[in-house]
Amino acid sequence: MDPKLGGMTLKEWVAIESDSVQPVPRFRQELFRMMAVAADTLQRLGARVTSVDMGSQQLPDGQSLPIPPVILAELGNDPTKGTVCFYGHLDVQPADQGDGWLTDPYVLTEVDGKLYGRGATDNKGPVLAWINAVSAFRALEQDLPVNIKFIIEGMEEAGSVALEELVEKEKNRFFSGVDYIVISDNLWISQRKPAITYGTRGNSYFTVEVKCRDQDFHSGTFGGILHEPMADLVALLGSLVDSSGHILVPGIYDEVAPLTEEEINTYKAIHLDLEEYRNSSRVEKFLFDTKEEILMHLWRYPSLSIHGIEGAFDEPGAKTVIPGQVIGKFSIRLVPHMNVSVVEKQVTRHLEDVFSKRNSSNKMVVSMTLGLHPWIANINDTQYLAAKRAIRTVFGTEPDMIRDGSTIPIAKMFQEIVHKSVVLIPLGAVDDGEHSQNEKINRWNYIEGTKLFAAFFLEMAQLH
Ligand SMILES: NCCCC(=O)N[C@@H](Cc1c[nH]cn1)C(=O)O
Ligand SMILES: [Zn+2]
Ligand SMILES: [Zn+2]
């Protein structure tokens, strides 16, 4: 990239340890540095940049840490052109070479056309690809076909702390002229075939605490005479889902959108090599045997996952402890038209029911700690057509029209608060390993993705 334009390379961005998950001052400093570098890059491209102070974050242990600024940047304000707003994040998940990385996670390393490094695909690579696309128009001294806005945050991996309030506040300012919103923070469903994403599941995250007392017991001294909290908790967690993945909470499927023949056909049209998917996931057997069932259970049906138990003895060795208090954690991925507060009531009632049947003297407290709504878009919106055309131009193929089984809360927030059409245009391949060891982006995806975004601007200009 032309150095005059302030081009930063992906290698330089990956080298910044912008981990938002571990709440320690060193990573926060790195996050501030990351946001400053990105603001500078955008400024050099000619953008009007505001770095919004986001205040500080109170942590459960009482300490307070500053939240990195959110970047709001604007390029062009021609009223005859459409305005596309791109959202991305520059914070990353934790990464430690000792956890099984084959290369230093903060040194972008190319092996066989794959660029390994934390944040390479989630989400530094895609953010830079959008910036590179703008930079290409600048380098060619061509007018941008559309007005472009960027909203870039540094706390996505920590739950987008304080972002919703900012979007609400900027609804009639920064977002007032925005026509379309684009996010590139997920992956294709294949190694080589591009995709457009029009829906994500939501998530309701629960804790269930069972307490006898706030100290552990010796199982030789107390074992046999106690209602053990862990036994209660295992029974509670075991009551949630059966071995075929069916959720046992009464009423939970009541509001799930009915399945139509037309919808089934959309799954049939998607290219997914189930054997390759199973092998690359290193899973012996999935719960379902057909492509359609797999896709539907990832995208359009709820799922319940049990995540962990706080207070449990989880070290090697044979400690003879009875934990005095344990907290189980599980979540339910939500789909259209499930309602977060209805799910909260259903789960609480079910657990209270199961617990009361145990006649335990322990205390149980159920809390929903996170309630994120599912999101689904209208695939006939203009920007879906523009994205399809741009994919045809750059990749010479039709995209897979996909949904994502995970949750991108900002998509629903934009839809609800800004009331503009949102599209997800991923550029990473299915095996990029977001959040995992050896995260990567393929050089091909990064470069073709940059071309795709430039082509998207041109198509948007034509269709707007
Ligand atoms: N492919 C994009 C993944 C984004 C992601 O991992 N989102 C989180 C958000 C979340 C949901 N519940 C708690 N955090 C996810 O787990 O889906
Ligand atoms: Zn991400
Ligand atoms: Zn992520």
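Donors are N, O and S atoms within 2.8 Å of the metal. In this predicted model, the donors of the zinc ion (ligand 3) follow the spacing D-x34-E-x277-H along the chain.

**Zinc site**
- Asp-122 (OD), Glu-157 (OE), Glu-157 (OE) and His-435 (NE2) coordinate the zinc ion (ligand 3), at 2.0 to 2.7 Å.
- The arrangement is irregular because the four donor atoms subtend angles of 53 to 142 degrees around the zinc ion (ligand 3), whereas a tetrahedral site needs all angles between 85 and 135 degrees.
- The zinc ion (ligand 3) and the zinc ion (ligand 2) lie 3.2 Å apart and are bridged by Asp-122.
- Asp-122 belongs to helix α3 (residues 120-139) and His-435 to the loop between β19 (421-424) and β20 (440-442), so this pair ties together parts that are 313 residues apart in sequence.
- Asp-122 has a relative accessible area of 4% and is buried, while His-435, at 42%, is partly exposed.

**Ligand 1**
- Residues around ligand 1 include Asp-185, Asn-186, Asn-203, Leu-370, Leu-372, Asp-404 and Ser-406.
- The side chain of Arg-333 has an N or O atom 2.8 Å from an oxygen atom of ligand 1.
- A polar backbone atom of Thr-407 is 2.8 Å from a nitrogen atom of ligand 1.
- Glu-434 places a polar side-chain atom 3.1 Å from a nitrogen atom of ligand 1.

- In soluble globular proteins, nonpolar side chains tend to be buried together.
- The largest nonpolar core has 98 residues, of which Phe-150, Ile-151, Phe-414 and Phe-456 touch the most other members.
- Helix α3 gives the most to this core, with nine residues.
- Apart from neighbours within four places in sequence, Phe-456 is in contact with Val-84, Trp-130, Val-182, Gln-383, Ala-386, Ala-387, Ala-390 and Ile-425.
- Leu-236, Ile-332, Met-364 and Met-368 are among the 27 residues of a second, separate core.

**Glu-170**
- Glu-170 lies in helix α4 (residues 163-170).
- With a relative accessible area of 9%, Glu-170 is buried, since buried means under 20%.
- Leaving out residues up to four places away in sequence, Glu-170 touches Leu-72 and Phe-175.
- Glu-170 and Val-418 are 248 residues apart along the chain, and their C-alpha atoms are separated by 9.1 Å.

Methods. Residues are numbered from 1 along each chain as its sequence is written. Chains are lettered from A and ligands numbered from 1 in the order in which they are written. This is a predicted model: local features need pLDDT of at least 70, side-chain atom pairs count only at pLDDT 80 or more; totals for chains, interfaces and linings use all residues. Side-chain values use heavy atoms; hydrogens and water are left out. Four donors count as tetrahedral if all angles lie between 85 and 135 degrees; four count as square planar and six as octahedral if opposite donors are over 155 degrees apart and all others between 65 and 115; anything else is irregular. Helices (H or I, at least four residues) and strands (E, at least two) are DSSP runs, numbered from the N terminus. Buried means under 20% relative accessible area, exposed over 50%, partly exposed in between (1.4 Å probe, protein chains only). A nonpolar core is a set of buried Ala, Val, Leu, Ile, Met, Phe, Trp, Tyr and Cys residues joined through side-chain atoms within 4.5 Å. Contact means heavy atoms within 4.5 Å. A residue is near a molecule or strand if one of its heavy atoms lies within 4 Å of it. A polar contact is a pair of N or O atoms within 3.5 Å; within protein, one must be able to donate a hydrogen and the other to accept it, and residues adjacent in sequence count only if both atoms are side-chain atoms.
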